[in-house]
Amino acid sequence: MAQELIKGNEAVVKAAIMAGCRSFYGYPITPASEIAEAAARYFHESGGTFLQAESEVGAINMVYGAASCGERTMTASSGPGISLMQEGISYLAGSELPCVIVDIMRGGPGLGNIAPEQADYHQVVKGGGHGSYHTIVLAPNSAQEMCDLTFLAFELADRVRNPAIVLADGFIGQMMEPVEFPDRMVEPDDKPWAVHGDAETRKNLITSIYLSPEDLERHVRHLETKYALETDGIAMCEKYHTGDAEFLVIGYGIVSRVLKTAVDHAREMGIKVGLLRPITLWPFPTVQIAYEANYVKSMLVVELSTGQLVDDVRLAVNGEIPVRFYSRVGGVVPTTDELLTQIIKASEADHVRKVVPAAEESLWGV
Amino acid sequence: MYAKSFQRPKSLFGEFSRKSGDHLTTHYCPGCGHGNLHKYIAEAIDELGMQDRTVLVNPVGCSVFAYYYFDVGNIQVPHGRAPAAATAVKRALPDSLVISYQGDGDLAAIGGNEILHCANRGENITVFFVNNAIYGMTGGQMAPTTLLGQRTSTSPTGRQILEEGFPMHVSELLASLEGPSYIERVGLFDNKSRMRARKAVKKGLQNQIEGRGFSLIEVLSPCPTGWGLTPTDACNWVKENLLPVFPLGVIKDVTADRENWNRRRLEVTPERVAEVLGITHATAEKRTATWTDSNVATCYRDPRIKLAGFGGQGVLFLGKLLAEVGMREGFNVSWLPSYGPEMRGGTANCAVNISTLPVGSPLISDPSVLIATNRPSLDKFAPEVVSGGVILYDSSLIDTAPTRDDVEVLAVPATAIADSIGSPKVANIVMLGAYIGLTNVLPKERVVAVIESMTKKKALVELNIKAIDAGIEHASKAHVAEDSWAV
């Protein structure tokens, strides 16, 4: 298989078409615009539809329409646009429609800036729209994973009949790396529940309205059960040098790349540190993190937001060990040396912890 | 004839089993216009033989439950977004009959943008716009079409120009766009107006089947409950109050001139897709580069390269070229740009890793190589270069050499050299030549092969080869000179 040097943002589009996606509805926004641009180049020519919508609101509702017809469909945006799409995402989940949404995160809140941040974690992983629903969230950290996880997102979206979101930051979208694309096109399974404009599907109805409280409760419970059954066992993470680690760092996306190099440097200095990188953010690799908590003294979460991923890590660890936190925001990405310093500091703090556990408790609030 | 007009259209259910409670009556109030309009639409669908192929996009409003009644494919969508959803439905199913059924709050207020752009694209769909000058579903609040002075629960003293503005003439507004093919306003207040409405409904649907583009039928519809009137009085109220503001008639009709407005996709074949995406499945032998037995000095191996200059000098392209060549040589590579507005006219920089090991951080804060093509870039990044690293700079454009003595510095008059061989545009390629001439990290043959694969213009390839050669030559001369000093 030939390798292609390609931007993560463009790899997403090629992977989507190979995954059988037939339509792309989007609206330009930095740093996600290359996705719409690549979609404009490739979708029409390969037998699909690309349409630049009037807004992100329009785009997500076009996705809703296309998904209702049973075709694989997608959109892409960045934080401000994802905020506008939240209404549609809630409807998609409520109507049990599969689709793929790519979020190339930028700095916020408000207009913020176009540099990489990870502060969409809450709005994407925790819902963001109204109602009790989840979205499947995959977090690539390379151009290859922008391809692979987009592919997987379509599979999972169809399996769960729910939106799946590929959550990446500006750097992962803009970076070029060698990518090997899948060697054959997927022909998605037929969706008998969809509206195809024919006699067989004439009785089908796509809706999220359940007027009576009892009916809606039944529907929400159905969604809850579906999430539990269909997403069981799909939580994924990458572990790096965790086998003998006494101390663990956790991060996703671009941060995990910097952490990996920092871990290498720390290992050279004799610090027994490992890296755990969540690949699925929902479902979250809770079990894997809880397991590691049995073997390490503490964890350090690094993210480009003021404490969103760390919430889920702390829930997983459930107070068993200290979970420390380090962040940069506004588009500042920490350097390898900066994270190495944090690793050294945190590993020394562990030494302190053995001596004065009481002080540790007040220090870290565990 | 009499018997026929009372027959239930096939496209409406006989019993409304999707509705809770009584399955024989609708949820609409007595005297409401929706019932008539539903019937006309269903009759037209039947007459056109399109029941199986119809997809009804249900709005939010009183007609949110249109799917209780229409025995066709049904999709219920968020408030105001029906034209967006219908657009994608029609693109996915070009042979279907797509209907967007919307009220005045849904279409004219919250969905103003969606309908405007759908109409402007001339989507080959049919929109039914029910105008009753009020929000019926939520209990009679003001709509964009509410009349001046009309009292509603959110305009309790009557609509005022200076507070809420004028009633919105949506059909006239949309008719001012080039996109729509057919826009007509009809009423449902007496037999004559209903007959006209029935005809317009059918024409709107017929247009779509014939691929004539976007049709919208605005229907002035009585809302006795919302207006606090009896059904008969409500019909009179339409005639007396709505008609003077919203006159009936064809507002735009260019259907005769419109054909082939139905968008069809090209046929998908794996071969076409592979060709369009440029995905080759040739199982080319995958190379894995190593430094073993290499003539590359240890200090030059696994370079972390920062390239920086003005936007337009081609530093981003140069970085991509290095990464591409590195990849084809079998190295692990990454290319990371500075991106956004600063690229446009300002300074541009990128980071390239070329490594025998998997690339960890693609960010480079401690480059081992700096290629700088303007002064601000050299000033900014020279201090970051690791001790023992390399700095190459375009000495035609930068008159001050870096002051560091712990790094190797190569001044390359790249712009002057590029000028002398034919074009200042290849100054970046001269820099590349100088870099590989100095370090041997990548072979010239591979660089040439990559450039050849990127352009078919022979003259351009030759110019680039000249630039590479000139860069290599400059580097070797400079090295010789340095060595001779050492002697």
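A: Start with strand pairing: two strands count as paired if DSSP finds at least two bridges between them. The model here is predicted. In it, Ser23(A) has Thr49(A) in β3(A) as its bridge partner.

Q: How many bridges join strand β2 of chain A to β3(A)?
A: Strands of a sheet pair through backbone hydrogen bonds, in either a parallel or an antiparallel sense. Here β2 (residues 21–26) of chain A and β3(A) run parallel and are joined by four bridges.

Q: In what order do the strands of this open sheet in chain A lie?
A: Seven strands make up the open sheet, in the order β3-β2-β4-β5-β7-β6-β13 (chain A), and their pairing is mixed. The edges are held by β3 (49–52) and β13 (280–282) of chain A; each has a single partner strand, so one side of each lacks a neighbour in the sheet. On average, neighbouring strands of this sheet are turned by 20 degrees against each other, direction ignored.

Q: Which strands does helix α3 of chain A touch?
A: Helix α3 (residues 56–68) of chain A packs on the sheet and touches β2, β3, β4 (72–77) and β5 (99–105) of chain A. The direction of this helix makes about 165 degrees with that of β4(A).

Q: At what angle do α3(A) and helix α3 of chain B pack?
A: A helix pair is read from its angle, its axis distance and its contacts. α3(A) and helix α3 (residues 82–92) of chain B pack at about 45 degrees, and their axes are 7 Å apart. That angle makes α3(A) oblique to α3(B). Their crossing is right-handed. On the α3(A) side the contact is made by Gly58(A), Asn61(A), Met62(A), Gly65(A) and Ala66(A), and on the α3(B) side by Ala84(B), Ala85(B), Thr87(B), Ala88(B) and Val89(B). By class, this contact of α3(A) with α3(B) has six nonpolar, four polar and no charged residues.

Q: Is α12(B) roughly parallel or roughly perpendicular to α16(B)?
A: Helix α12 (residues 315–329) of chain B packs against helix α16 (residues 444–454) of chain B at an angle of about 115 degrees, with the axes 9 Å apart. The two, α12(B) and α16(B), are therefore roughly perpendicular. The crossing of α12(B) past α16(B) is right-handed. The residues of α12(B) in the contact include Phe317(B), Leu321(B) and Arg328(B), and those of α16(B) include Arg446(B), Val450(B) and Met454(B). By class, the contact of α12(B) with α16(B) has eight nonpolar, one polar and four charged residues.

Q: Is Val55(B) buried or exposed?
A: A residue counts as buried when its relative accessible area is under 20%. Val55(B) has a value of 0%, so Val55(B) is buried. Val55(B) lies in strand β1 (residues 54–58) of chain B. Leaving out residues up to four places away in sequence, the contacts of Val55(B) include Val195(A) and Gly197(A), as well as Ile75(B), Val89(B) and Leu97(B).

Q: How many residues of strand β8 of chain B are buried?
A: Strand β8 (residues 304–310) of chain B is mostly covered, with five of its seven residues buried.

Q: With which residues of β10(B) and β11(B) does Lys306(B) form bridges?
A: β8(B) is joined to strand β10 (residues 347–355) of chain B by seven bridges, and the two run antiparallel. There, the partner of Lys306(B) in β10(B) is Ala351(B). β8(B) also pairs with strand β11 (residues 369–372) of chain B, in the parallel sense and over four bridges. In β11(B), Lys306(B) has Leu370(B) as its bridge partner.

Methods
Residues numbered from 1 in each chain as written. Chains lettered and ligands numbered in written order. Predicted model: local features only at pLDDT ≥ 70, side-chain atom pairs only at ≥ 80, totals over all residues. Heavy atoms only, no water. Axes fitted to C-alpha atoms, helices over the stretch in contact; angles between N-to-C directions. Parallel < 35°, antiparallel > 145°, perpendicular 65-115°, else oblique. Left-handed = near helix turned anticlockwise from the far one by under 90°. Contact = heavy atoms within 4.5 Å. Nonpolar A, V, L, I, M, F, W, Y, C, P; charged D, E, K, R; others polar. Buried < 20%, exposed > 50% of the residue type's maximum accessible area, 1.4 Å probe, protein only.
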